[in-house]
Amino acid sequence: MASIAKTVVATGASSGLGFEAIKQLLLQQSQPYKVILGARNTQSTIAAYDALGYDRSGHAVTVLPLELSDVRTVKTFSQQVLERIGGDKIDYFLLNAAITDGAEKPGPKGWRWCESLVVNHFSQHYLTHLLREKLVTSKSRIVFVSSGAIRRVTDPSTLDEMLKSASGADGMNVYCATKFVQLVNAHWWRRQLTGQCDVVAVSPGLIPGTGLGRGNGLKLSMDMPDAKPVETGAQSILAAFTRSDLPSDPDQIFLTSWGEWWGKDVIEVSLDKNLQDKWSWSKEEIEKEVGITA
C-alpha cells in the first residue's frame, strides 16, 4: 500500500455494523487507513481488532475510552482524538453508535432526557461540536448512520414527551424517535457546514444480525422481507464514504441501503428548519445541561 493513509474517526465500531465496516476497510489492500475509535470497553475492542490480523504496515487502529451516556467522556475523547491526529486531517467522521433501550429509567448523569436520546443523538452531536474546527479544516465527509425507521415519526410534537427521562416509552418507539432526531440533526449540520464538509445520512437496511431489537421485544430474522446480512449493511455504510453523486438539492442527504438518494417527499417531516434548530443544541447548552465547566 503506497498511497497516503486516510483517517477515520468513528463511534459505534466495537461490534455489529460499525465493526464490520471498519473490518472491511482494514482487510482491503489498496488504501491504507488510520482508524481512531471510541469504545466503552477498550480491551475487548482492541482484542477484536487484533484478531483480524490486518496489515499493520499499512493500517493503524487506535481505541480510546468513550462512554456516550456520559458527556464528560465525550470531551476527553475529543481531546485525545485531536492529540492523536495532530496536523493530519480527518477524512471520514462516522457516527454509528446507537442503543435501543426504552425510556423507562431516569436519564443518565442528570439529563432530563432518556439514555437512548443522549447516546444516539446528544453525545454524538456534542462530539461533532468539539471536533468541528478540525472537521472543517479537513473538509471531512461526515456520515450519520440512520435508519428507515425514521418514517415512523409522523408527528414530531410527540417527541418531547416520549423522549424525556422515565417517560415509560417502549424501546422500538424510542429508537425510531431518536433516529429521527439524529436525522434532523444531520440536516442541521449540513446547513452549518455547507461548502466546508459533506454531510450524508445512510441507512444500512434491515440487518437482523446486529442484535437490533434485543431487549425491547422486537424479533428480527433473515426470513423477513428485505433483510440483509451484516456484511451487506456495512457495505452500504461504506458507500456513504465515497459516493460523489450528491444530489444538487442540499436537503437530499439520505442514502438508502439500495443505493438511491431518498426524495424530499420521503423525509419531508425532517426538513423543518425550526425542528432542526430545536434539537441541535449549542455546545454550551449541552455543557450547561450536565454541569460541565470550562
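Good morning. I begin with helix 4, which is mostly covered, with 19 of its 24 residues buried. Please bear in mind that this is a predicted model. Helix 4 covers residues 115-138 and bends by about 60 degrees at Leu 131. Just after helix 4 comes Lys 139, which takes a positive phi of about 55 degrees.

I turn now to strand 1.

Which strands does strand 1 pair with? One partner is strand 2, residues 33-39; the two run parallel and are joined by 5 bridges. Within this pairing, Ala 10 has Leu 37 of strand 2 as its bridge partner. Another partner is strand 4, residues 92-95, which also runs parallel to strand 1 and is joined to it by 4 bridges. Here Thr 11 has Leu 95 of strand 4 as its bridge partner.

My last topic is the second largest pocket, whose volume is about 200 Å³. What lines this pocket? Its lining consists of 15 residues, and those nearest the centre of the pocket are Arg 190, Asp 198, Val 199, Leu 246 and Pro 250. Divided by class, the lining holds 8 nonpolar, 4 polar and 3 charged residues.

Thank you for your attention.

How values were computed: Residues are numbered from 1 along each chain as its sequence is written. This is a predicted model: local features need pLDDT of at least 70, side-chain atom pairs count only at pLDDT 80 or more; totals for chains, interfaces and linings use all residues. Side-chain values use heavy atoms; hydrogens and water are left out. Two strands pair if DSSP finds at least two bridges between them. On a 1 Å grid over the protein atoms alone, a cavity is a set of points where a 1.4 Å probe fits but cannot get out, and a pocket is an open set with protein on both sides within 12 Å along at least five of seven lines; lining residues have an atom within 4 Å of a point. Grid points are joined across faces, edges and corners, and a volume is the space filled by probe spheres set on the points. Ala, Val, Leu, Ile, Met, Phe, Trp, Tyr, Cys and Pro count as nonpolar, Asp, Glu, Lys and Arg as charged, and the others, Gly among them, as polar. The bend at a residue is the angle between axes fitted to the seven residues ending there and the seven starting there. Buried means under 20% relative accessible area, exposed over 50%, partly exposed in between (1.4 Å probe, protein chains only).
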